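Please read these comments with the model open beside you.

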Amino acid sequence: MLRYSLKRILQSALTLFIVITVVFLLMRLMPEEGYFGTGSDKLDAAQKENILRSYGLRDPMYLQLKNFYSSLLKGDLGTSIIYRPKVPVSVILKGKVFYSLYLGLASIGVSLVLGIGLGILMSQYKGKLWDKLGTVYIVVINAVPAAVYYLFIQLYTTEWFKLPILFDVDKPVSWILPIVSMSLGSMAGYAMWMRRYMVDELNKDYIRLAKAKGLKNSAVMVRHVMRNAFVPMAQYLPTSILLTIAGSLYIEYLYSIPGMGGLLIDAIQRQDNPLVQALVLIYSAVSILGLFLGDLLMALCDPRIKLEHQGGSR
Amino acid sequence: METPVSILSVKDLVIKFNLRGKTLTAIREASMDLYKGESLAIVGESGSGKSVFNKAFMGLLDKNGWVESGSILYKGKDLANYKTENDWLKIRGKEIAMVFQDPMTSLNPLKTVGKQVQEAVELHQGLRGEAAKKVVLDILKDVGISEPEKRYRQYPFEFSGGMRQRVVIAIAIACRPEVLICDEPTTALDVTIQAQILQLLKGLQEKYSLTIIYITHDLGVVANVADRVAVMYAGDIIEIGTADDVFFDPQHPYTWALLSSLPQLGIKGEPLYTIHGTPPNLFKEIKGDAFAPRNPRALQVDFVHRPPYFEVSETHKAKTWLLDPRAPKVERPKSIENIRAQWGVL
Amino acid sequence: MSTMLNKPNDGIDETLFTLAEYDARAAELGGYSNYSYWRSTWQVFLKNRTAFVLMIIILVLLIFTMIQPYLPNQKLPNEIYLDPATKMQLRNHPPDAEYWFGTNSIGQDLWARIWSGTRTSLYIGVVVGFLTAILGIIVGAIWGYVRRLERLFTEIYNVFDNIPTTVILVLLTYIMRPSLSTLIFAMCITGWLSVSRMIRNMIVIIRDQEYNLASRCLGTPTGRVITKNLLPYLVSVIMLRIALAIPIAIGSEVFLTYIGLGLPVDIPSLGNLINEGRLVMMSASLRYQLFFPAIVLSIITISFYVMGNAFGDAADPRNHV
């Protein structure tokens with residue numbers, strides 16, 4: 001188990017390194033207006049050149065990379081230019097991280113419980129009402145773009161339930177809508193996969209043997225089918241973490257939650273390059289971490305992986 | 001001599017399946033008697049219906065299959081009428097247990113072997129915890145697994161094929177059944193392991209007073225273990241008798257063909273005997289004897305009327321018009337007359 | 001000696017008890033196989049009534065979208081219409097006989113805009129679907145076939161797989177400035193991943209799977225191996241991908257438009273229209289500006305999604321029972 005973890009840590013670190021470098025290089029293609037802030041039209045060409053040089057953007061690429069990594073390792077993520085001029089990114093982020101984390105974890109928790117529950121329910125009543133309702137739900141959520149149904153949720157919940165649209169730190173009630181909206185997508189995913197895995201397991205030989213032993217159907221379900229269906233589910237967890245991150249971009253923007261997603265959208269709209277760069281980096285790092293944890297979780301659940309060091313088959 | 005007690009009596013069983021919208025008749029009025037303490041072998045080609053026939057005794061037919069008519073009498077109850085899960089729970093494991101063909105997939109890959117056997121013990125012997133574990137270790141020893149303590153904690157993928165089959169047998173034994181159905185128990189195993197497993201089953205049969213049904217297509221296995229043999233073709237039992245009856249005095253042309261196919265009877269330098277043609281299409285209704293189209297010695301009546309059982313002796317009967325007094329004398333193939341002489345080689 | 005178990009006089013004609021002619025060919029007729037893969041796939045698909053109905057709806061919609069500009073009395077999507085009475089811009093005019101979907105906040109006809117937008121969004125979806133399919137096949141085939149490059153490709157895949165698609169999309173459109181081609185390019189870059197993985201897995205299966213080896217041993221010509229063993233799977237996978245690509249593309253487009261990285265306003269698209277509708281959705285009288293594009297979008301996305309999945313399920317031989 002230890003050997004497997006180490007192997008995966010190294011793999012993740014390598015991937016992270018490649019990702020960060022690629023992102024960094026991509027960033028160099030960003031529109032240059034992003035470095036000048038307001039009043040950029042008042043600057044002439046020479047002044048612009050100076051500014052760019054002061055940011056090290058005219059240095060040869062390997063030098064830029066080296067400087068970037070050395071400041072990164074010191075914890076310096078760059079300084080914002082437009083959003084909050086001259087303020088280091090890390091300072092800006094400190095205030096925002098909590099909201100995104102809270103939102104993300106809460107929605108993962110909710111969607112896990114409800115989604116898996118729904119999936120089990122659907123597989124038990126295959127073809128009947130619960131299954132049909134669940135399928136409609138999954139289809140609509142998966143097909144219709146999140147952008148659209150988020151809007152409708154906002155629209156109708158404020159009218160019918162009088163839930164606040166805009167987020168307010170002092171009102172815990174205002175958390176409900178964002179968490180619910182964000183969970184919907186992952187929930188559909190969990191329900192769909194759980195149902196599929198449970199149905200798949202039901203067709204396997206060892207289930208027939210369990211029945212032949214004289215086990216009740218319900219016991220077969222719980223002790224064999226569900227337990228075994230969880231394992232591939234663990235594989236799906238990392239993907240849903242990715243989804244949660246993506247969703248947070250949206251939700252935070254819609255509900256004006258002062259988190260990192262909203263920040264990214266803002267930074268993009270205002271063209272604050274260093275901020276965009278830093279955020280993309282962080283998101284990449286978080287998702288790599290999420291995927292690594294997911295693989296680890298799967299290894300914990302499936303004894304075959306533990307003892308045979310099978311790499312994640314994603 | 002003690003008259004054998006019939007514990008399972010099947011009469012004219014018909015089982016159908018719904019496949020792609022069409023109906024397939026998998027078992028066509030098959031009848032069989034099972035006597036206490038014996039080893040009955042059911043032989044037949046793939047697709048003859050051997051597995052389906054036996055799954056019906058435990059209610060393990062696939063969802064698209066059903067018992068259309070006929071009766072399965074077990075200890076006075078007609079299992080053909082059993083519909084609900086509760087009914088079958090009285091039979092499964094407790095009365096009739098099954099050993100499946102493929103030990104690789106028969107065990108839950110994510111549960112330890114010990115837990116899987118213990119599950120059966122807890123269900124049928126009413127024990128829990130440490131007491132149950134002790135019984136499990138005893139059973140593991142019984143089926144020939146060494147170091148049971150260590151093996152108890154291991155997962156199926158850490159066992160070899162033969163060991164896994166022993167585990168599956170252990171699970172079946174733990175249920176303390178009356179009848180044990182072994183569906184091709186050695187097909188998926190090496191030849192050397194096959195003999196061990198059959199030996200093991202014989203020993204267990206004595207120790208636990210089991211009645212065993214062996215489903216197989218391997219006549220070698222049959223010669224080894226069977227007291228009585230039932231030959232199945234196209235969903236019907238066309239000949240049934242003691243092992244001696246069927247091997248040394250076969251009556252049905254299909255049995256002749258089966259026996260002729262034994263490679264041990266082949267003459268060096270000459271092509272091996274094969275049965276020409278393929279089994280019939282079970283989607284269509286079959287007129288007369290199902291084997292007739294492939295039978296070079298068929299009578300015209302074989303294509304028109306289905307033959308009933310003809311008794312050859314108290315223990316031996318076959319469904320062939322050749323046994324009708326009106327039928328002409330048809331010689332058995334020369335090759336199978338030699339089986340008695342070749343017996344040792346089987 | 002044998003004894004009969006039935007009545008001695010069962011009325012069977014004595015003359016039947018003579019040896020019959022043996023017909024070797026009749027013996028072979030027992031086999032049953034009128035199974036045709038594509039026919040079964042189509043049959044299973046048709047049995048799924050929801051998918052069938054939606055397929056009809058989508059076909060009707062598609063045809064209508066294409067012919068709509070040529071129907072009589074259609075307005076132009078970008079033209080600003082004036083109120084004949086006041087000669088002012090006909091803003092926010094609710095649906096009526098003249099303007100079936102009403103007008104938006106600057107006086108443009110929503111009916112024309114929605115169909116034009118549908119054309120654009122479908123165009124994006126189909127183009128992206130095909131391009132990702134082609135790109136994915138090429139990459140996947142190389143990845144699977146050329147063993148030396150396998151490590152490299154796996155690393156590349158991992159890199160891409162690890163970053164949320166949305167982030168890449170956002171980044172690319174930010175860097176390259178929004179336009180139709182940027183959008184298509186960005187979606188292709190993020191979309192080829194899963195196709196290539198599927199193709200690569202298939203190639204690996206071909207490499208290693210014994211039934212292909214067995215086919216070749218039997219002397220099956222390579223062409224037949226490809227058409228009978230590989231093609232069915234390949235085609236169904238591709239069709240599934242393209243069908244699902246359309247809802248995904250539309251979704252991405254809507255999201256990007258939201259945050260300001262979508263298509264410029266003068267090219268109507270479902271994303272633009274939804275966004276415009278969003279701005280006025282809070283007032284009940286103007287809500288139609290959100291509803292109409294949302295309904296059209298939902299019909300399209302749900303139909304393609306359901307059809308795609310139904311086809312994928314139908315193409316799986318295990319469902320051909």
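1. Basis. This is a predicted model, in which local features need pLDDT of at least 70 and side-chain atom pairs count only at pLDDT 80 or more, while totals for chains, interfaces and linings use all residues. Residues are numbered from 1 along each chain as its sequence is written, and chains are lettered from A and ligands numbered from 1 in the order in which they are written.

2. Chain A overall. Chain A has 12 helices and zero strands; helices (H or I, at least four residues) and strands (E, at least two) are DSSP runs numbered from the N terminus. Of its 314 residues, 40% count as buried, that is, with 20 or more other C-beta atoms within 10 Å of their own; 12 or fewer makes a residue exposed, anything in between partly exposed, and C-beta atoms are placed from the backbone. Among the contacts in chain A with a separation of 6 or more, 72% join residues 24 or more positions apart. A contact here means that the C-beta atoms of two residues, placed from the backbone, lie within 7 Å.

3. Helix 1 of chain A. This helix covers residues 2–27, and its 26 residues should span 38 Å at 1.5 Å a residue. The expected span is 1.5 Å times one less than the number of residues. The end C-alpha atoms are 37 Å apart, which agrees. Its buried residues are A:Thr15, A:Val19 and A:Met27. Their cover includes helix 11 (273–301) of chain A together with helix 5 of chain C.

4. A:Ile179. Where does A:Ile179 sit? It belongs to helix 7 (residues 176–202) of chain A. A:Ile179 counts as partly exposed because it has 19 C-beta neighbours inside 10 Å. Apart from neighbours within four places in sequence, A:Ile179 is in contact with A:Leu103, A:Ala106, A:Ser107 and A:Val110.

5. Chains A and C. The contact takes 35 residues from chain A and 31 residues from chain C. On the side of chain C that touches chain A, the elements giving two or more residues include helix 5 (150–162) and helix 9 (222–258) of chain C. By class, that side of chain C has 21 nonpolar, eight polar and two charged residues. Ala, Val, Leu, Ile, Met, Phe, Trp, Tyr, Cys and Pro count as nonpolar, Asp, Glu, Lys and Arg as charged, and the others, Gly among them, as polar.

6. The open sheet of chain B. Four strands form an open sheet in the order 2-1-4-5, with antiparallel pairing. Strand 2 (22–35) and strand 5 (77–78) of chain B stand at the edges with a single partner strand each, so one side of each is left without a neighbour in the sheet. Strands pair if DSSP finds at least two bridges between them. Strand 4 (residues 65–74) of chain B and strand 5 of chain B are joined by two bridges, and B:Tyr74 stands opposite B:Lys77.

7. Strand 9 of chain B. Is strand 9 (residues 228–233) of chain B mostly covered or mostly open? It is mostly covered, with six of its six residues buried. Strand 3 (residues 39–43) of chain B pairs with strand 9 in the parallel sense over four bridges, and B:Val43 stands opposite B:Val231. Strand 10 (residues 236–242) of chain B runs antiparallel to strand 9 and is joined to it by six bridges. In the hairpin of strands 9 and 10 of chain B, which has two residues between the strands, B:Ala234 takes a positive phi near 50°.
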